[in-house]
Amino acid sequence: MESIKTYDDLLTELKVLQQEMEETRFRLEEATDTIEAIRTGEVDALIVNDGDGHQLYTLKSADQTYRIFIEQMTEGAVTVNPDGLILYSNSQFAALIGLPLERITGKSFFRFVTEECKEDCQLLIKKAWSQSTKGELSLLTDQNKKVSVLLSLTTLDLDEGLSLSVIITDLTEQKETQNLLEQKNAELEEAQKIAQHLNANLERTVKERTSELEITIREKTKIEESLRENQQRLQRVLDTMAEGVGIIDLNGHLIYANPMAQTMFSLKESQNKLQVFDAPNWQTLRIDGSVLPKEEHPIVIMLANQQAVYDQEIAIQQPHHNEPVYISINASPLVDQNDQLTGGVVTFTDVTARRKAMQQKDDFISIASHELKTPVTSLKASIQLLDRMKDNPSPVMLTRLIEQSGRSLEKLNNLINDLLNVNRITHGQLELRKKQFVLADMIDNSCHHLLAVGTHQIQLNGDFNVTVYADEQRVDQVVVNFLNNAVKYAPDSRDILITAERMTNSIKIEVKDNGPGILPEKIPHLFDRYYRADHSGAQFSGLGLGLYISAEIIKRHGGQIGVNSELGKGSTFWFTLPH
Ligand code: ADP
């Protein structure tokens, strides 16, 4: 059992304790001073209590230089003894760990190494005792933060033996930089990939667009070519058209005229701009020959109504031209994209020949009616007289009337034959029944009826004793036609001369009268259908078919036909037959 302490015992114990405390405080102060002195380089010794008692570590003066030097470094630096205790630390290492220096010095270096790096660190330190070495690992700060560092270890010769100098380079920034670099690299790679992708896309798009463009260009070229071809074709059509084509503007000015239109209106290139319905070059007429008022002009009507007009005939009288030119006009309005009238396209067809043919046909019909009526009337009269005489016939009268009827019938028969022949010729049905015959026999026959009339005298000249291979009846028809015409158109010339002349390969037969002759300008038309040089029709009867039929007959035989005539001296109609 513990004895009860007295006040004095307690006072003594207190004094002892106070003394011990004073000593401890003194030692603490001393230790603090020592550490400060070591840190600042004032002292060069250090006492370390490692559990087995205090140990003293002293630094050589050279070490002091080293310490000053490493204190200036931006890296952390520590010196460790073979047990890994930190003999010295610079303030940069303390700052890295986040502890005051006094809590670092004398501590094991491994304390500040992360758990996972401890083994590596031990190996590194172990190796460093034999050779300088380096290694990366992570330290653990007081705030439990891992810091990547590079340790550079090398031995250091201290008074009490070898120490290890450890330089600690904070790799945080480097790692961050590296991370950043890696991140940037990754981003760059990603960007590169995107760029490559875009590039590939772009290339594909460019290729596609290029080929599209090429196709478009090819198509365009094709279209242009076909357009040009069409244009040329159209130009050729316009150039060679038998119709005149013109384009007029709103005011009726000719802004284009094809070659035929230029010819029809005797235009020169420079005159293209002229006004078509008020042209100074010509006078516009109705087809009856009266002046055509402007408002009746087909082009004016087309522009006013904005509607096409078709086959509107007008006549144009140009100065120095004997006869007007008849023109059929087709005109259509031209409009722009907005349906606004801009003018018109006009085709002009010269219908003068058509008009003349129609006129000829009309004339022919009236002539034919008249011609047919004459013998019919005469025949009718003869029959009426014969009828009256039937109860009391007079032989003289009877003979005369029968002869007259016969002549009328013959005339009628001739007219009908002419008409039938024309029809046959038109339809290519004029047949030839060729045979050998002696020309003299045929001429005898041709002259027979004329000689019977007794009004004219026929003279023959030349060699008629020649055999011909031809359609005797048709050739006879030609000669009879020549003779009848001589009688008809040269009534006062009693003598008619028929000549036969052997040529190299043919025989030529001529019928010459001493009549009034034919006007030179009429000669080229004599053998045309329905052509009658005497237009009055009053003086001489006829259908204007005889010479036309004759010409066709001779042409079918392969011969030629013609006339030589001089006014006042008579006419010589001739034809040849191959022999
Ligand atoms: P048609 O006698 O019925 O009129 P033709 O064809 O026989 O028809 O003659 C055509 C025209 O030629 C006649 O209208 C006439 O003017 C002219 N002609 C024909 N023969 C003669 C002639 N011998 N002398 C003068 N004119 C003639």
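Is S266 buried, exposed or partly exposed? I looked it up: S266 counts as partly exposed because its relative accessibility is 40%, where buried means under 20% relative accessible area, exposed over 50%, and partly exposed in between (1.4 Å probe, protein chains only).

I note that this is a predicted model, in which local features need pLDDT of at least 70 and side-chain atom pairs count only at pLDDT 80 or more, while totals for chains, interfaces and linings use all residues. Residues are numbered from 1 along each chain as its sequence is written, and side-chain values use heavy atoms, with hydrogens and water left out.

**Entry: loops with positive phi**

I found S266 in the loop between α6 (259-264) and β10 (283-285); helices (H or I, at least four residues) and strands (E, at least two) are DSSP runs, numbered from the N terminus. Phi of S266 is positive, near 45°, and the residue is not a glycine. I then checked Q306, which sits in the loop between α7 (298-305) and β11 (309-317). Q306 is not a glycine either, and its phi is positive at about 55°. With 43% relative accessibility, Q306 counts as partly exposed.

**Entry: α11 against α12**

I looked at how helix α11 (residues 472-489) meets helix α12 (residues 546-556): their axes come within 9 Å and cross at roughly 150°. The axes are lines fitted to C-alpha atoms, for helices over the stretch in contact, and angles run from 0 to 180 degrees between N-to-C directions. On the α11 side, the contact (heavy atoms within 4.5 Å) is made by R474, V475, Q477, V478, N481, F482 and N485. On the α12 side I listed G546, L547, I549, S550, I553 and I554. By class, this contact has seven nonpolar, five polar and one charged residues; Ala, Val, Leu, Ile, Met, Phe, Trp, Tyr, Cys and Pro count as nonpolar, Asp, Glu, Lys and Arg as charged, and the others, Gly among them, as polar.

How many residues of α12 are buried? I counted nine of eleven, so α12 is mostly covered. Among the buried ones are Y548, A551 and E552. The buried residues of α12 pack against α9 (395-426), α11, β19 (561-566) and β20 (570-578).

**Entry: F482**

F482 lies in helix α11 and counts as buried because its relative accessibility is 2%. Neighbours within four places in sequence aside, I found F482 in contact with V511, L547, I561, F573, W574 and F575. F482 and L547 are 65 residues apart in sequence, with 8.0 Å between their C-alpha atoms.

**Entry: ligand**

I found 19 residues around the ligand (a heavy atom within 4 Å), the closest being Y489, D513, L543, G544 and L547. I then checked polar contacts, taken as pairs of N or O atoms within 3.5 Å; within protein, one must be able to donate a hydrogen and the other to accept it, and residues adjacent in sequence count only if both atoms are side-chain atoms. A polar side-chain atom of Y489 lies 2.6 Å from a ligand oxygen atom. For K488, a polar side-chain atom lies 3.1 Å from an oxygen atom of the ligand. L543 places a backbone N or O atom 2.9 Å from an oxygen atom of the ligand.

**Entry: T133**

I placed T133 in strand β5 (residues 133-140). T133 counts as buried, at 10% relative accessibility.
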